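Please view the sequence and structure below before reading on.

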Number of protein chains: 2
Amino acid sequence: MVATTACQDQPKVASDGNALLEHPNLVSTAKGMALIKNNLGKYPLIDHSIQDMKGDVDAEILKAKDFPIPKDPSGGYTHEKHKRNYLTMYRAGMLFQVLGDAKYGNYVKDMLLGYAELIPTLGLHPNGKSYSPGKLFWQGLNDAMWLIHVAQAYDCVYYLFTDEERARVKQNVLKNMGDFLSVGSPKMFNRVHNHGIWLNAAVGLTGYVLKDDVLIKRALYGAEIDKTLETFKTVDYNDPALKGFDENRPAGYYMQLDNLFSPDGFFTEGPYYQRFSIWPFMLMAQAIENNDPSIKIFEYRDAILKKALYTALQLSYTDGAFFPFNDALKGMDFTSPELTLALDIVYQNYDEDPQLLDVAIKQNQVVFSEGGFKVAKHVSENKAIPFTWKSINLGDGADGKQGGVAILRSGPSSDQLCQIMRYTSHGLAHGHYDKLGQALYDNGNEILQDYGASRWVAVITKRGGRYLPENTTWAKQTIAHNTLVVDEKSQFNGDINVSSKYHSELYFYDDSQDTHQVISAKENNAYPGIQMHRTFAMITDSRLLKPFVLDIFNIKSDLKHQLDLPFHYKGEIMNITFDHKVMTNQLQPLGDKNGYQHLWLLGKGKTKDAQAKFTWLNDGRFYTITTIADSNTEFLLCRLGANDPEFNLRPDPSFIIRQKAAKNHTFVSIVEPHGSKSLTREIVTNPYGSIKTLEIVYQDANYIAVDVLVDTEKLKVILALNDNDSEKEHDLIIADKSYQWQGPFMKVFQSE
Amino acid sequence: MVATTACQDQPKVASDGNALLEHPNLVSTAKGMALIKNNLGKYPLIDHSIQDMKGDVDAEILKAKDFPIPKDPSGGYTHEKHKRNYLTMYRAGMLFQVLGDAKYGNYVKDMLLGYAELIPTLGLHPNGKSYSPGKLFWQGLNDAMWLIHVAQAYDCVYYLFTDEERARVKQNVLKNMGDFLSVGSPKMFNRVHNHGIWLNAAVGLTGYVLKDDVLIKRALYGAEIDKTLETFKTVDYNDPALKGFDENRPAGYYMQLDNLFSPDGFFTEGPYYQRFSIWPFMLMAQAIENNDPSIKIFEYRDAILKKALYTALQLSYTDGAFFPFNDALKGMDFTSPELTLALDIVYQNYDEDPQLLDVAIKQNQVVFSEGGFKVAKHVSENKAIPFTWKSINLGDGADGKQGGVAILRSGPSSDQLCQIMRYTSHGLAHGHYDKLGQALYDNGNEILQDYGASRWVAVITKRGGRYLPENTTWAKQTIAHNTLVVDEKSQFNGDINVSSKYHSELYFYDDSQDTHQVISAKENNAYPGIQMHRTFAMITDSRLLKPFVLDIFNIKSDLKHQLDLPFHYKGEIMNITFDHKVMTNQLQPLGDKNGYQHLWLLGKGKTKDAQAKFTWLNDGRFYTITTIADSNTEFLLCRLGANDPEFNLRPDPSFIIRQKAAKNHTFVSIVEPHGSKSLTREIVTNPYGSIKTLEIVYQDANYIAVDVLVDTEKLKVILALNDNDSEKEHDLIIADKSYQWQGPFMKVFQSE
């Protein structure tokens, strides 16, 4: 799967025999820049992007130039200044190209000459992270981002330098940093990981802009290909940070393309990092395409780059916010600069999908490239059609067989019920212990949330913007997720080395039915001796006022355990049907470790009824969990915030169903959106919901059957537990009535 | 101030001598309906309003008609059904008029005939509130809302009845309810209060639609004018509920107009109830105008109805949400049906202010009247200009001299800093103990919040939608507000009878300066022996990166007290500069009564520095409180939720500055918006803020002077404490330097 053609060294020649402008020719090309320059004032997306950049750049270039000696971590002055510098250089370079105003070009030129003084004087960052320190920043990752921007800025002002100046910038800035980030940072450069791709792309862009074949080959195939360089010999191939690196095969861009995405275009670290890494992937691809189109990089691996974008888009709710599983900061969405760039590149190099224009309108930005130009032009020509989110099941891992994640959706984008189940592999260092975890969205909102990460990126007062201690003690722990916790321990006992060996197994996925969609998966390694099997059925039958989700979570164990199933609901409690006691005058943590130490116990309850209901209000709509209960069932109401000395945790609530001493147990629950409450009209409808009763009517080793009374409709669901063959004929007698069906799941309304 | 002309009994005659259609002729007229009917498809606001109504009505009229025997309180079936019935009757009546579809008219007719069977059988509601039970609903207020809608629905289908049917509906429904709500409910009918105006208007509209002069006169002048009626003799004039009623002068609509609004159009109960009561005020006014234009009701009391609307609009933040002081539910905004009606009526009867069209666009609705038609037409003709929120100082009380509320604003509607100070009278039964309380908005968000009310209107599971116990134990208490609490007691010891006797006093208000705006007021009755004087200066000088608010709160007392000044901030803690201890493993309430029992104490701190800083993040912007501290100052961090057995409270945070044993003390604080954090770009600016130091540099009985270092700018503020004469010349020497200025407030930058 490795391409063979190296980069070109010669200027391109046009059909009329004249040499074409060679620069810029990375992501933005001279042709793309000319298109934009000649069409100013025509396309609002371009004009808006220019204005946006101008606002930033015009303010910044008035300030005294500063190249501080690197000292601070993220959020500190030297970090933020060098970050601001590279962003401004990049933007000024772009503005110079499209507006032709010399002040922008000269700014970039002067900045590069300034860095040509600074960089050769630098050793490693004094606050560097041990694994991969940078020179300008605390981690080499930031240096790579710096270099990616600077290479493009240099590309834009290439002709402004004298030969001597250009040679100085080339040697002291670009070659210096290109070498540092490749052979000088081999652990990170050769790692199959989002950090690795940033370094590969930075070195690759630098190689292309310098026409330096050594840098290009390193970027494409890995740093080992010039092993003769002394620095490279320091690599310790036994270092766990190099996990996934095989010294017998090339590293570099192709290796990242081969391994970081599943065949579905799913990035194992999750959407937040998929968004982050798609940027260097796409930048490098466009630079390859512009400089060596014979490689046909956009066709590589069955058009994996296209899949990476579409999958990223599908990993968002209908507001464009990415699902925040694994380490992920909430609020990150598909209007981010990374997705803007990726969209413009995909639009240019594939089939000009008009759905992408709908996303571009929300991005309200384009990059200055041929793709960005086309997107802006086509948006102005009203070619956009609505982007469609759809139900999807995505395989994880390079082979797509390391578990996965399923997203079930029902309803229009304006009001969509969306159920997620994770049954992935661990997700590298940013993974959480959340096998068979769920999240639920509805009506534009998070209803059952994934907490995401505990971090305020770039906020210096929050530990320099780093991941916070509570990211480990809470956010990664199993109790922080909507999935089973056994004996108050996290899955795999919270050991990434164990967790990384396993993934959950898909049992079946079916989104082909109008009346229901189902995802079912099993996990047998998270807790020794315990088999977990969870099934979500989104029931969308037209008999219903609103669709709902049935959750059958079957646990098999030879020994007795305490089983906790949390629901991290968002909203205000409206109704509790079970008897409960509220801790009114004193709060204590629910436990003392594995995340439990962070939960204040607000109340607990039990019920003598066969089911319990818990109702909350979120943004004018009610949600009710109805769950089957018995005398061993306890209900816990909690709020996050205990043992949080720096106030790093959000004070979010949770509802936990606890089965106190259970061997085999099946949690059967329905989460149901219902009714409405208008704030301005003060009218309330259906505050109790439609689920009247919920009952297990049959259970053996092979089947479980559940009856649900929905208003006046009786619904029966049968799940085959040990045969996922969709062709298999089943026959089961329940209460003297015979049921026949095909495949692992059956649903029937009595009125059918 | 009482008009003399009674209603007309005769059909109107046009200039050509032909009789005009008499019905509808309440709020909607035959002329207005014809305009709409003849222009369908032209004006999106009308078409959208029709579609919206049709959606509701078409679904509802398919259902079996039901007239349940009244039984349930708010949120229960019979309550919600009768509410749904009147809304549907009203809407179907409107649709019948503008679409001419007989199914809508016949629905209304059948419903009215159904109610003609039910109503004569009814006594008082079995779950009626003791003070003012209804027949159909638990409180007569809801019956009045029912009748207001039904009178208009009847007006729309008047010609569909046979004479016998019409007589039956007239007698059994309209006259029956009109009598019940006037002479049958004298306590409420004659009360100067938002409940009273609803009953007055309901009876008035009924009178006009029936051409019943007795009902009309009751509505305009009060129920006593037909004292001979037996039921009326049961009134006990010593009943406190009749407070404000003088048996020697008329009650009714005019009395409400004279007393409920201040000359500025401010409604003493606050914006939430101003919104609620403006509806009957406007309905009645339009009905008077349509039936007896010689009264010139819209000119009454210097056009008080117009002022009432504009003041309601100004009592909102730039998203249209009303400031939630006193009992108020958050989320209520100027797109409510009440404000839509009021706006359309004001637009019709005053000067067609194009700013109102901007609000109408956000309402996305019009009423079916001549006014609604004009609004929709003019919006389509692009006549709207942006609505402008402005700084304003509103007097409270019928004479405008019972204290007031000031709103200082800076910046465009897209990002406006907005400071509110309350120095009003109590605000009747819906008032809170919040004298000299503040609230702060910025960047589209609540920054320092007023909690509002504890209630979920119409949610039956929350005590039938009533005000919750925590509304009294928390929401009304002083500690729930951003103002001084002495010795952990609420102002006036939480006694409404005492509080209602007093109001705070304006010291001065000045919004005339470009560089600063100031509100200053005094309160000497809230705590015996304690004089409170608070001044907010919004500093908007162009030297500043961003405007900020300086808060000088001067307290004089002969005895030592504990002084608590809470800041109910909204957001996530980013930085705390003072030493503090966090309660990590156990929480207890801050106190045991007066609202303190509801606050969990999360942490406490002290500082040896001359000031302390507390920074939080709200929606991508930082906010810092900088406050002067000494060795007696303690800082408390709290979260709401203790002693809340029904989970009725929001878990909102607060920061409390406590001066432990103080006689005379001045709290000097700055609340400062600063910097930014982008979620999708992950860039942070200015996380520490610009206020470097804050210091009292002079203080005596007559003056206080404060120095502020803002980045590198030194600012001096001097406040004269005992002379609010704006012409007065002051001369003061501070640190050997002489300062001369005019008026109670001086501000100077050292660089000036």
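A cavity is a set of grid points where a 1.4 Å probe fits but cannot get out, and its lining residues have an atom within 4 Å of a point. The model discussed here is predicted. A search of the whole structure for cavities of 30 Å³ or more returns 9.

**Largest cavity**

- The largest cavity holds about 100 Å³ of space.
- Its lining is made up of 14 residues, and those nearest the centre are Phe325(A), Arg422(A), Gln438(A), Ala439(A) and Asp450(A).
- At least two lining residues come from each of strand 3 (417-423) and strand 4 (438-442) of chain A.
- Strand 4 of chain A makes the greatest contribution to the lining of the largest cavity, at 3 residues.
- Sorted by class, the lining of the largest cavity comprises 6 nonpolar, 5 polar and 3 charged residues.

**Second largest cavity**

- For the second largest cavity, the volume is about 80 Å³.
- Phe323(B), Phe325(B), Ile420(B), Arg422(B), Asp434(B), Gly437(B), Gln438(B), Ala439(B), Asp450(B), His481(B) and Asn482(B) line the second largest cavity.
- In chain B, strand 3 (417-423) and strand 4 (438-442) are the elements that give two or more residues to this lining.
- The class counts for the lining of the second largest cavity are 4 nonpolar, 4 polar and 3 charged residues.

Conventions
Residues are numbered from 1 along each chain as its sequence is written. Chains are lettered from A and ligands numbered from 1 in the order in which they are written. This is a predicted model: local features need pLDDT of at least 70, side-chain atom pairs count only at pLDDT 80 or more; totals for chains, interfaces and linings use all residues. Side-chain values use heavy atoms; hydrogens and water are left out. On a 1 Å grid over the protein atoms alone, a cavity is a set of points where a 1.4 Å probe fits but cannot get out, and a pocket is an open set with protein on both sides within 12 Å along at least five of seven lines; lining residues have an atom within 4 Å of a point. Grid points are joined across faces, edges and corners, and a volume is the space filled by probe spheres set on the points. Helices (H or I, at least four residues) and strands (E, at least two) are DSSP runs, numbered from the N terminus. Ala, Val, Leu, Ile, Met, Phe, Trp, Tyr, Cys and Pro count as nonpolar, Asp, Glu, Lys and Arg as charged, and the others, Gly among them, as polar.
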